[in-house]
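Morning, everyone. Have a look at the model on the screen, and I'll talk you through how the pieces pack.

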Amino acid sequence: MECKFEGWTLSKAMFLAYMSLAYIVGEIAHFLINTTGRAVARDIGFGDKGCFKNKSMITDQDIQVNCTQLKNETDCLAEPACYYDYSGTGYEYQLLAGPAFIAVFTVSAILLAVLSDFLYEKLSRTVILAVGTFTFSTACILMGVSNAYYQLVILRGLIAMGESVCRPTSGALIAELFPPTSRGVANGLFSWGVYYGYGLAYVFGIYVTEADVLGYGWRSSYVLAGVPGILLALLLLLTVKDPRCSDRLENKNRVSSGGGVNYLKKLARNFFSPSCLILLLAACARHTAGLSWAYNTRPFFQTYYPDFDIVLWILNASVVGGSFGVFAGGFFSDRMVKYFGLASRLWLLSACTILAAPLAVGTLYFPPPGGMGCLIVYYFLAETWFAVLFTVIVEIVDPEVRSTCIALFLFWMNQVGGNLPVIVASLKTYFDDYRSALYVMWPGSLAVSAVLFLLTSVPLYIRERRMKNEMMLENGSGSSNSQ
């Protein structure tokens, strides 16, 4: 027996839980290279090298030696307390963390979403989700047995291919499972996958690696992270059903009245609308900010505060701050949309983002734990964006092209926002300072996105006002005719 509450039922909640848990595993696999980068680089052999302090050989007179300031191998090895090794940074690392993932992720998302939308009569989205979950989980496990850089690149691509189904397919399913008054909250709960996955990537990448399970070091973290995804793939395949499969006759009628040409016209009309294009620019800037920090969090603290244990701080910031922020964004935007319309979701998003920018500056400027306090508050405000963004997307496009529009949106958002963080390496060289490079790419991009989110609300507000005026005119003419 199902217990209904504002569009929620037990079966819908379980469906959402399976999708969210699969997303968590996918995000762990996504970000695990960022938390194990140095260990992987030293084992496989790639990226930049640097000078580090050998803590096991430090004497009283060696305490004053700052090994990280020694730029070349000769000076480094001249100090008994220092050693020269791979740092887990550089272009090879940035390529593995960003473009190797993003290139495959974006292309796969579009192809799979088109299949999901255009062949919806024959292709079950739950099967797509199950296959995608199995793919990124298996690839994550195989990364744990890799022995060459090219193998890591290929497997990162497979992780991206598998995870590319999560957001477009799940976003379309959530839009069909939940009514508008609950859609923001449902998207917020699903988006917890990003923050739980990112936070747990630090637990697996640092604590599990340090635990040296069965003597496998960083490799055990990849294997243990991927195993739960295999079980979730089976649950998605065997226990839940695509809601559109319950009404095939209606879908057949919709196919016959649509056709390929009409489908493409509708897709172009939705995706190239002014509101969607400005929203895309805003999302690109916001994604650039988030990934610039996500890809460089551990390298930043390893560079400036190597003795500070960041795991529990990052876990709390991501899981507590991020989860609350994304849920609150969905919840409050659901409340605001009742009174102020769809544009109010973006007003909320713009305000939260601009307030988060100085907190990002504080995270980089203040030493821990003060900087980490700024980071936790930052997550409360900044991470409202994910749930609100995708709720707005599904509400401004037609249902027939929803999955494809989300996939196209993700394609361009990730092509720009997913690849631009590579500039951090160039800016670091230009400024000769890691922190300055992150000032530009993180809080700088946040401020730009806040302005663009506000601009996006303008065409939405105009469209809503026009629709309301048209409805008032129709109601007025109808009442006069009846008299």
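**Helix pairs and cores**

Let's start with a crossing: H12 and H19 cross in a left-handed way, and left-handed here means the near helix is turned anticlockwise from the far one by less than a right angle, with clockwise being right-handed. Before going on, this is a predicted model, where local features need pLDDT of at least 70, side-chain atom pairs count only at pLDDT 80 or more, and totals for chains, interfaces and linings use all residues. Residues are numbered from 1 along each chain as its sequence is written, and side-chain values use heavy atoms, with hydrogens and water left out.

Back to that pair. H12 is residues 297–304, H19 is residues 434–441, and their axes come within 11 Å and cross at roughly 150°. That angle makes H12 roughly antiparallel to H19. Axes are lines fitted to C-alpha atoms, for helices over the stretch in contact, and angles run from 0 to 180 degrees between N-to-C directions. Under 35 degrees counts as roughly parallel, over 145 as roughly antiparallel, 65 to 115 as roughly perpendicular, and the rest as oblique.

Who touches whom? From H12 we have Pro 299, Phe 300, Thr 303 and Tyr 304, and from H19 Tyr 434, Arg 435 and Leu 438; contact means heavy atoms within 4.5 Å.

Now the other pair, H8 (residues 180–211) and H16 (residues 385–396): their axes come within 8 Å and cross at roughly 135°. So H8 is oblique to H16, and this crossing is right-handed. Among the H8 residues in the contact are Pro 180, Arg 183 and Tyr 195, while H16 brings in residues including Trp 385, Phe 386 and Glu 395.

Zooming out, the chain has 20 helices and two strands, taken as DSSP runs numbered from the N terminus (helices H or I, at least four residues; strands E, at least two). Of its 483 residues, 54% count as buried, which is under 20% relative accessible area with a 1.4 Å probe and protein chains only.

Last, the cores. A nonpolar core is a set of buried Ala, Val, Leu, Ile, Met, Phe, Trp, Tyr and Cys residues joined through side-chain atoms within 4.5 Å. The largest has 129 residues, and Tyr 378, Leu 389 and Phe 409 touch the most other members. Helix H1, residues 10–45, gives the most to this core, with 16 residues. There's also a second, separate core of five residues, including Val 65, Cys 67, Cys 76 and Cys 82.

Definitions and conventions
Buried means under 20% relative accessible area, exposed over 50%, partly exposed in between (1.4 Å probe, protein chains only).
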